[in-house]
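These are notes for a colleague who is opening this entry without having seen it before. Please read them with the model on screen.

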Amino acid sequence: MITGNIDGKIMVRRWLVTFKPFRIFVVGIGFFSLCFLMTSLGGQFSAKRLGDSPFTIRTEVMGGVESRGVLRKISDMLEVILKRMDSLSKLDNSTTSDTRRLDELSSAINRYGLDELSSPAGLVERIQAIAQNVSNMAVRVEQILQNSMAAGRAVRDGSSGQCEVPRDPHYPDCPGKVDWMRARWTSDPCYAFYGVDGSDCSFLIYLSEVEWFCPPLAWRNHSSPPTVHTHTHQTTTTKRQAAFRTDLSSLLDQVGTGKESLSFMKRRMRRLASQWGTAAQRLHSKLRQRWREQKKILVHVGFLTEESGDVFSPKVLKGGPLGEMVQWADILTALHVLGHNLKISMSVKELQGFLGVPPGRGSCPLTGPLPFDLIYTDYHGMQQMKQHMGLSLKRHKCHIRVIDTFGTEPAYNHEDYATLHGYRTNWGYWNLNSRQYMTMFPHTPDNSFMGFVSEELNDTEKRSIMQNKVNNMAVVYGKEASMWKLQGKEGFLQILHRYMEVHGTVYYETQRPPEVPAYVKNHGLLPQHELQTLLRKAKLFIGFGFPYEGPAPLEAIANGCIYLQPKFHPPHSSLNHEFFRGKPTSREVSSQHPYAEQYIGRPHVMTVDYNNSQEFDAAIREIMSTKVEPYLPYEYTCEGMLERVHAYIQHQDFCAPEAPFPPANFSSKLGISSLGSPGPQFVLLPNSSTLTWAPDASAPSAWPPLSSLRLLASQEGQSCVEACQRANLVCEPALFRFVNNKEALRGLEVQCEVVEAEVNHVFPAFSVLRRECSLQKDPLLYSCAGHSPKYHRLCPCRDYRRGQVALCRDCL
């Protein structure tokens with residue numbers, strides 16, 4: 001036996017040495033060899049074998065990237081086999097038969113004929129056979145390793161290796177999970193990473209200590225925590241105070257280089273650095289040295305990863321959409337300036353490294369605590385995290401914040417509800433709290449408004465702009481030539497041309513000028529500082545109707561332009577417009593930029609019917625006779641964004657379980673009358689049908705605080721968004737749980753013959769005609785946006801700070 005062990009170890013080492021040239025060969029193949037490989041193969045390249053192994057390869061060689069992928073997969077296979085063989089060489093129970101099998105494997109390697117691969121022809125002739133042989137060898141190595149490790153584990157654990165699968169009513173899924181592991185444990189290398197070796201004992205250890213589907217095993221040492229590997233980050237319980245930063249140099253280093261999108265973001269950060277510094281000093285004074293906890297934050301920009309296609313980076317210099325990059329640059333800067341501990345990921349490999357995920361396809365969960373308090377990502381990042389975190393995503397998703405330009409309504413976010421009721425789209429369905437989605441504009445109160453910033457001018461700059469405005473100069477909002485091809489633009493452009501000089505900033509290549517009218521003076525795509533100079537001269541910034549809700553109109557208004565935009569009849573939505581189809585919202589867009597129309601308005605913003613030539617003509621003449629100062633809403637200044645993000649980080653907590661409200665004995669404790677008199681926690685505001693929380697009533701802990709709550713009933717068919725807006729308030733989804741009860745119905749003097757709790761995104765609500773009252777059964781479906789012609793809704797509105805609609809008056 002001893003001799004067999006020694007011989008086995010020698011054979012393994014010899015096997016490893018034999019492998020090294022091939023591994024170097026695979027890694028070292030260059031670009032021209034890959035091109036030759038593509039040309040020669042021209043068809044399908046695959047390595048197939050029976051069974052389900054972590055080494056399976058199935059791919060088609062269609063281009064350079066795929067070719068590199070095939071070779072990379074072969075290299076990865078060899079790396080895994082090497083590691084497995086290294087593990088086998090350290091075992092003390094190798095048998096003579098194992099040694100003989102290793103001899104066979106060594107002979108197989110010698111049959112590779114590596115010398116033949118020195119030429120491209122040899123490569124083409126042998127590449128398919130190599131992949132098949134490596135795949136077959138992987139199976140045989142796996143079998144040897146399973147048998148050896150299973151026997152070794154049985155000896156170490158003091159068991160026979162034949163563990164009995166428990167039938168415990170507290171763990172009903174255990175037998176089924178064991179059966180699944182028996183059939184599929186080789187489907188992902190992460191199982192072997194956690195010690196699974198094909199034996200029932202290893203299955204039960206994994207399912208009881210990593211995934212918790214089976215009861216703990218009595219013979220295991222439970223004094224130590226479950227398996228945690230050295231790569232897993234550990235969070236500490238010590239809280240540190242966050243200190244404002246004004247130096248952005250370390251942030252700029254973290255953002256990295258190599259892509260034009262990153263260069264664009266860094267240029268923006270540098271240009272606004274002084275304004276961020278001034279804003280930090282102002283907020284520091286406003287908070288009066290209040291304690292702020294420093295958070296560990298991961299920012300994973302999924303849409304810029306190569307794995308998502310990164311379609312934005314190549315378009316940065318060609319007039320492509322930059323709104324997302326503007327917002328991400330400002331998010332990164334705000335988090336850094338607020339003093340948080342920041343990690344930035346722009347690839348799946350970096351994401352895996354920061355999270356400490358096990359190797360493989362993402363079937364295994366993380367062990368140990370999450371190394372971050374917060375994770376900011378986007379929909380692409382969510383999909384990547386799902387692929388690589390496995391079951392862990394569900395456990396840790398309360399830490400996630402999704403940057404979502406257009407918003408996600410609760411009916412689309414709730415996966416089962418969306419599937420059953422026709423709200424399922426390619427996005428949404430993540431079952432998050434709706435406030436975990438963070439939007440570019442405050443158009444969807446179900447979500448949190450993240451925003452971005454525009455450059456703020458001082459008084460001297462404002463005076464200079466007003467003195468140098470060219471009264472008959474208009475700049476068209478449209479950097480891409482496709483925007484100038486919208487139907488119907490010729491008519492209103494001709495009217496505009498009669499009064500004003502028309503300028504464009506349309507990207508074009510020298511040999512192919514863009515198709516714009518001859519009277520348009522096109523400057524081409526301008527760097528940001530040159531665009532700012534142009535806007536400071538222009539009197540008018542005019543939109544074509546697309547793109548929707550970008551940052552450019554706010555920048556133009558901040559530079560003293562009047563923004564003219566088209567009104568949509570009927571409003572655009574997922575029901576009638578291709579752009580919104582598939583997006584997780586039913587929101588109706590009444591103009592190109594609803595925020596500018598609703599929150600800014602005249603004289604800075606004019607929204608007219610472009611199809612009505614008389615209305616358009618009158619608007620142009622009014623604009624030419626109107627003087628406006630540069631204007632920037634406070635919530636889009638650096639200080640406004642810092643204030644908002646600070647409040648979210650310090651107060652929003654989606655991981656702590658919320659206590660049910662009201663408690664079971666709430667009504668009896670407060671002495672609510674059975675005659676239907678108003679509950680003592682709600683009182684009517686003077687000369688109003690709106691209720692507020694009684695100042696002498698006990699107020700449970702909440703953010704926003706209950707002092708901001710204003711409860712009212714909507715009209716039939718009206719959403720809470722509209723009902724609150726009409727009362728000059730904002731719908732607040734966080735306060736739904738305090739009005740989803742009989743006491744709120746009594747306070748509004750609603751007559752209910754039946755009160756039931758159901759799963760429906762328009763509840764809580766009531767029907768006057770049928771005298772039916774319905775409460776919400778699933779908190780994920782609390783929705784400001786929901787509406788139905790059959791119901792009046794109970795709407796938890798709140799007040800808001802001037803210029804900062806995301807925060808109530810007492811929210812900071």
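1. Overall make-up. This is a predicted model. The protein chain has 812 residues, and 53% of them count as buried. Its secondary structure comprises 27 helices and 23 strands. Among contacts with a separation of 6 or more, 73% are between residues 24 or more positions apart.

2. Helix H6. This helix covers residues 174–184, and its buried residues are Cys 174, Pro 175, Val 178 and Met 181. These four lie on the same side of H6, because the arc they cover around the axis is only 120 degrees. The cover over the buried residues of H6 includes helix H7 (189–193) and helix H8 (200–209).

3. Helix H20. Which residues of helix H20 (residues 528–537) are buried? They are Leu 531, Gln 532, Leu 534 and Leu 535. Their arc around the axis is only 160 degrees, so they fall on the same side of H20. What do the buried residues of H20 pack against? Their partners are the strands S9 (473–477), S10 (501–504) and S12 (540–543), together with helix H21 (552–558).

4. The pair H12 and H24. Helix H12 spans residues 323–337 and helix H24 spans residues 638–651; their axes come within 10 Å and cross at roughly 70 degrees. An angle from 65 to 115 degrees counts as roughly perpendicular, so H12 is roughly perpendicular to H24. The crossing of H12 past H24 is right-handed.

5. Residues where H12 and H24 meet. On the H12 side the contact is made by Asp 330, Ile 331, Ala 334, Leu 335 and Val 337, and on the H24 side by Met 641, Leu 642, Val 645 and Ile 649. By type, the residues of this contact are eight nonpolar, no polar and one charged.

6. Gly 550. This residue is in the loop between S12 and H21, two elements that also pack against the buried residues of H20. Is Gly 550 buried or exposed? Its relative accessible area is 8%, and buried means under 20%, so Gly 550 is buried. Beyond its neighbours within four places in sequence, Gly 550 is in contact with Phe 441, Tyr 477 and His 593. Leu 322 is 228 residues away from Gly 550 in sequence, while the C-alpha to C-alpha distance is 8.6 Å.

7. Tyr 634. The loop between helix H23 (613–624) and H24 holds Tyr 634. With a relative accessible area of 24%, Tyr 634 is partly exposed. Which residues does Tyr 634 touch, not counting those up to four places away in sequence? They are Lys 286, Glu 639, Gly 640, Glu 643, Gly 803 and Gln 804. Tyr 634 and Ser 454 are 180 residues apart in sequence, and their C-alpha atoms are 10.0 Å apart in space.

8. Cis peptide bonds. Most peptide bonds are trans. The bond that joins Arg 602 and Pro 603 is cis, with omega about 0 degrees. Pro 603 sits in the loop between helix H22 (594–600) and strand S15 (605–608). A cis peptide bond also joins Trp 703 and Pro 704, again with omega about 0 degrees. Pro 704 belongs to the loop between strand S17 (691–693) and strand S18 (709–713).

9. Positive phi at two asparagines. Most residues other than glycine have a negative phi. Asn 431 has a positive phi of about 60 degrees and is found in the loop between helix H17 (415–421) and strand S7 (437–439). Its relative accessible area is 22%, so Asn 431 is partly exposed. Asn 687 likewise has a positive phi, near 55 degrees. The loop between strand S16 (682–684) and S17 contains Asn 687. Is Asn 687 buried or exposed? At 85% relative accessibility, over the 50% cut-off, Asn 687 counts as exposed.

Technical notes. Residues numbered from 1 in each chain as written. Predicted model: local features only at pLDDT ≥ 70, side-chain atom pairs only at ≥ 80, totals over all residues. Heavy atoms only, no water. Buried < 20%, exposed > 50% of the residue type's maximum accessible area, 1.4 Å probe, protein only. Arc of directions from axis to C-beta. Contact = heavy atoms within 4.5 Å. Axes fitted to C-alpha atoms, helices over the stretch in contact; angles between N-to-C directions. Parallel < 35°, antiparallel > 145°, perpendicular 65-115°, else oblique. Left-handed = near helix turned anticlockwise from the far one by under 90°. Nonpolar A, V, L, I, M, F, W, Y, C, P; charged D, E, K, R; others polar.
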